[in-house]
Amino acid sequence: MTVLAVAMQKGGVGKTTTTLSLGVELAQMGARVLLIDIDPQSNLTMALGYDPTEIEHSVYEVLLNPVHGPGFATIPTGYGVDLVPATLALAGAELALAGRFGRELLLRTALQETRRAYDYILIDSPPSLGVFTVNALTAADSVLVPLQAHVFALKAMPQLEETIRIVRQLNPALQIGGVAVTMVDRRTSVNALVEDAIRREYGAVVFQTVVPFNVKLVESPAAGQPISAYAADSSGARAYRDLAQEVAARYGK
Ligand SMILES: Nc1ncnc2c1ncn2[C@@H]1O[C@H](COP(=O)(O)OP(=O)(O)OP(=O)(O)O)[C@@H](O)[C@H]1O
Ligand SMILES: [Mg+2]
C-alpha cells in the first residue's frame, strides 16, 4: 500500500482534481482506494457530491481521536473509492490542535492500521502550510505534486521542497515521488516552455502524462461527480486514466 500526499503550497493548481480523478481511475483498475479530505475548504468532499454541512463524522474527529482510526468517518462513495470527508468545522481544528503534543503525527497515527486495508490512500491537502498540510506530509510515503504549467507554479516548488526537508525530521523517507503537469494548453507556447523547464528541472519524477486544460474538469466538481462519471470521453478523463496507469506502474506492488 502507498500513502500519497497530494500537495503544493499554491492554490488552484489541481490538487483536489488530481486526488479525485486519479483515485477513481485507480479504483476502476481494481485497486482499493481511500481518499482523505484534509482541507477545510472541503472541495474534495463536495466534488464527490456531499454537502459538508450534512457530514456527521469528518476528518476533524479522526484527528481528535487518532487511535480509533478513520473507519467511523469513512464513507463508501458510489465511485469505487472510500472517502474521509472534511467539513468547514475543520477550520477551527487548527486552533484546537495548536497546543496539542504530537499534533503533526495525528493522521499518521490514525492510518497506522487502516493503511493495510487499501492499495492507495490519497490525501488532498490545503494550499497553505499549516497543521493539515504537515499532517498529510507526515502520514505520507511520498508526495505527488500537481504542477500547473505556469511560471508562478514552478516558482512555488522550492517552498514545497523546503517544507518537505523540515518534515523529514518526522518522516525521514519523504520525497517528491511524482510531478504531474496539469492545466496544459498546448496551443500556447508559454505552456510548452514551462513544461520543458519542469522536465529539465525535475527529470524522471515528472510523469509522461500531461493533464490538458479541459473545461469538463471545471464542470464536474460542480455536478458533484468525478470526471470519469461526468464526461468519460473528455480529454481530462483520458489524461487521468493514463496518469493512473503510470502511478500504478510507479507505486504499485
Ligand atoms: N486540467 C484542468 N483543466 C481545467 N480546469 C481545471 C483542471 N484541473 C483543475 N481545474 C479547475 O481549476 C480549479 C482549481 O483546481 P483544484 O480545485 O483541483 O485545485 P487545488 O489545487 O485543489 O486548489 P486549492 O489550493 O484551492 O485546494 C477548479 O475549478 C478545477 O475544477
Ligand atoms: Mg483543493
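Modeller: The largest nonpolar core has 79 residues. V59, I123, A136 and A140 have the most contacts inside it. Helix α12, residues 235–251, gives the most to this core, with seven residues. Bear in mind that this is a predicted model.

Take A136 as one example. Leaving aside residues up to four places away in sequence, A136 touches A5, A7, I38, L107, I123 and S125.

Now the setting. The chain comes to 12 helices and eight strands. Its radius of gyration is 17 Å, close to the 18 Å that the globule rule gives for 253 residues, so the chain is as compact as a globular protein of that length. The C-alpha trace spans about 50 × 40 × 35 Å along its principal axes. Buried residues make up 48% of the 253 residues. Of the contacts between residues at least 6 apart in sequence, 77% join residues at least 24 apart.

In α10, residues 216–223, the buried residues are L217, S220 and P221. Seen down the axis of α10, they fall within an arc of 95 degrees, so they line one face of the helix. After α10 comes G224, with a positive phi near 70 degrees.

Note on methods
Residues are numbered from 1 along each chain as its sequence is written. Chains are lettered from A and ligands numbered from 1 in the order in which they are written. This is a predicted model: local features need pLDDT of at least 70, side-chain atom pairs count only at pLDDT 80 or more; totals for chains, interfaces and linings use all residues. A nonpolar core is a set of buried Ala, Val, Leu, Ile, Met, Phe, Trp, Tyr and Cys residues joined through C-beta atoms within 7 Å. A residue is buried if 20 or more other C-beta atoms lie within 10 Å of its own, exposed if 12 or fewer, and partly exposed in between; C-beta atoms are placed from the backbone. Helices (H or I, at least four residues) and strands (E, at least two) are DSSP runs, numbered from the N terminus. Two residues are in contact if their C-beta atoms, placed from the backbone, lie within 7 Å. The radius of gyration is taken over C-alpha atoms; the globule rule is 2.2 Å times the number of residues to the power 0.38. The arc is that of the directions from the helix axis to the C-beta atoms.
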